[in-house]
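This report examines how the parts of a protein model pack against one another. The sequence and structure are shown first, and the account follows.

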Amino acid sequence: MELKRVVVTGLGALTPIGNDVDSFWESLKNGVSGANLITRFDCSAYKTRFACELKNFEPTDFIARQDARKMDLFTQFGVVAADQAVADAGFDMDKVNKNKIGVIWGSGIGGLKTFEEEMLNLAATDMIPKINPFFIPKMIADSASGQISMRHGFRGPNFVTVSACASTNNAVIDAFNYIRLGRMVACVTGGSEAAVTRAGIGGFNALRALSTRNDDYKTASRPYDADRDGFVLGEGGASLILEEYEHAKARGAKIYCELAGGGMSSDAYHITAPHPDGLGAFLSMEDALRDANMVPEDIDYINTHGTSTGLGDPQEITAIENLFKDHAYKVSVSSTKSMTGHLLGGAGAVESVAAILAIKHQMVPPTINLFNVDEKIDARIDLTPNVAKARKIDVVLSNCFGFGGHNATLIFKKYNG
Amino acid sequence: MSDIASKVTKIIVEKLGVEESEVTTEASFTNDLGADSLDTVELIMEFEKEFNVSIPDDQAENIQTVGQAVSYLEDNTK
C-alpha cells in the first residue's frame, strides 16, 4: 500500500526561552540562555541550584482552575502547548472528523511533583495514608494525552510514549506512521516534562549528570565545550500538529514543512552511558534516512541531542562523521539545549519546533556557550558557535537519545507548495 | 451560620470552585455543585482533616448534600 504524505500544520511552544512559538524563535535566533536560579523548591542543600525553568507562566491564565487542579505540572505544560498548536492549525471543528484525530504525546517521567508531594505528605503523617483521590490520575504519564483529547474532543488513537529523552521523537514517529497508514487524518503530538523538583534535581545530581556551575549558571549548558560538566535540567513542553497532506491541502491549511522520515534504534549497551562508538546513534540516523528515502547529502542542518555531558557529546559527532563522511563537514550542526536546557521527555518536542522554525526562517539556531571546543571533536565540524547562521535549509535531521540506549531521529523537509 | 457550616462552605468553595451563594443547605454535591465521584471523595477527606474526625465509607455514602455534611459533623465533633 502507498504511504500517505504527512505535513506539519500547527505549532505550540512553552519553553524556558519563550512561552509561545514567536518568542521561542526570537530567543533561539538571538542565542538566549534559559538558565535561572531554581524557584520551584528550596534547593539550598542541593549540589545544583539552577535549571531552565519557565518564566512568568501561570497555568490558570490558560486553564480553568477546576481543570488545572486535576493536572500535574507536566500535563499543564502539555495542555497549554497543545492548545497553541491546535489553535494554530485552525481546524474547522464543525467539519473535521474528530474521530480520526489522535493525541500521541511524549513524557519521560510524568507526574513527578505529584508523586513527590503525596509521598512527603505520607511521611509527614506518620506513614498513615490519607492519599488524595486525584493522586493516581495526576501522576501517571499518560494523563497528558488524555487531558488534551478531552479539551478538544479528539477521539483517535491516544497514548503517551516513554523512552527517556527520546520520548517525544518516538511519539512523533508513532503519529507519523499512523497517519501514513491512513489510520488518522491528523494528530496532536509533542511532549512535556516538569522534573525540576527535589527528586528530579537530587536524582540527576546523584547520577553526576547535572552541571554544578552555580556561580556562572547562564553558561553552564555548553555542549561540545571542553569545560562542560553536565546538563542543565529544563522544563516545559511543545507541540506539533501532524496532518495527512491531501487533508491539509483540501482545507487550505498553512503548511510549515513535511515530515519526511523517522528512524529508531537501541544502543543495547548501558543504563545511562551511550555506546562508545555512537553505534546506536548511527543506526538511528541511518534508519531515518532510509525511511525518508534520502541520503546524507540531502541533510542541511542537524539539531543534535548534544546535552553538554562529558560522555554523550563526542559520540554523537563520531556517529555523524561515520554516517555522513565528507558531508559531515558541510552540514550545519547545533545543539539548542545550550539555550533551552534539557527538557528530558519534552526535549524532542522543543527541538522539533526549533527544526521546523529553522526551515521556515532559513536560519540555524546557534550552539551558545562555546568558548573552547573539545579537542575530541574534529575542527571541521560546523557547530554554529554562539551566533545564528543564515543559510539554505531544505532538510533538517533531529536526534534524541535517551538513558537506556533509546535513539530516535526525525527528518523534516521544506515544503515548496 | 454556625462555625461548622462556614468551614464546610469554605472547603466546598475551594475544592469545587463554586460561588459561596451556590452552597445552600439543600445543594447536592453531584447534582447541583458539579462534583464527580472523585471530587466527593476528596471533599470527605478534607472534612476529616479539618474537623479531625474519621468518616467511614458507609457513613460517607449518606453525605450527599451540604446540609447532610453539616449535620454529620455537628453530631460527630465536640
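Which residues have the most contacts inside the largest nonpolar core? In this predicted model, they are A:Cys187, A:Leu242, A:Val353, A:Ile356, A:Ala358 and A:Phe412, within a core of 122 residues. Domain 1 (6-250) and domain 2 (263-411) of chain A both contribute residues to this core, so the core lies between them. In soluble globular proteins, nonpolar side chains tend to be buried together.

A:Val353 illustrates the packing within chain A. Apart from neighbours within four places in sequence, A:Val353 is in contact with A:Leu11, A:Ala13, A:Val21, A:Phe24, A:Ala238 and A:Leu240.

**The two domains of chain A**

Chain A is divided into domain 1 (6-250) and domain 2 (263-411), and the C-alpha centres of the two domains lie 21 Å apart. Their contact involves 61 residues of domain 1 and 57 residues of domain 2. On the side of domain 1 that touches domain 2, the elements giving two or more residues are listed below.

| Element of chain A | Residues |
|---|---|
| β1 | 6-14 |
| α1 | 21-29 |
| α7 | 167-180 |
| β6 | 186-193 |
| β7 | 236-244 |

By class, the residues on this side of domain 1 comprise 30 nonpolar, 24 polar and seven charged.

**Helix α10 of chain A**

Helix α10 (residues 279-292) of chain A has 14 residues, which at 1.5 Å a residue should span 20 Å; its end C-alpha atoms are 20 Å apart, in agreement with that expectation. Eleven of the 14 residues of α10(A) are buried, so the helix is largely enclosed by the rest of the structure. The buried residues of α10(A) include A:Leu279, A:Phe282, A:Leu283, A:Met285 and A:Leu289, and also A:Ser284 and A:Asp291. Against which elements do the buried residues of α10(A) pack? They pack against β8 (257-266), α11 (312-324), β13 (395-402) and β14 (406-413) of chain A. Just after α10(A), A:Asn293 adopts a positive phi of about 60°.

**Contact between the chains**

Six residues from chain A and five residues from chain B make up the contact between them. The side of chain A that touches chain B consists of two nonpolar, two polar and two charged residues.

Conventions:
Residues numbered from 1 in each chain as written. Chains lettered and ligands numbered in written order. Predicted model: local features only at pLDDT ≥ 70, side-chain atom pairs only at ≥ 80, totals over all residues. Core = buried A, V, L, I, M, F, W, Y, C linked by C-beta atoms within 7 Å. Buried ≥ 20, exposed ≤ 12 C-beta atoms within 10 Å, placed from the backbone. Domains from an automatic or database assignment. Contact = placed C-beta atoms within 7 Å. Nonpolar A, V, L, I, M, F, W, Y, C, P; charged D, E, K, R; others polar. Helix = DSSP H or I, 4+ residues; strand = E, 2+ residues; numbered from the N terminus. Expected span 1.5 Å × (residues − 1).
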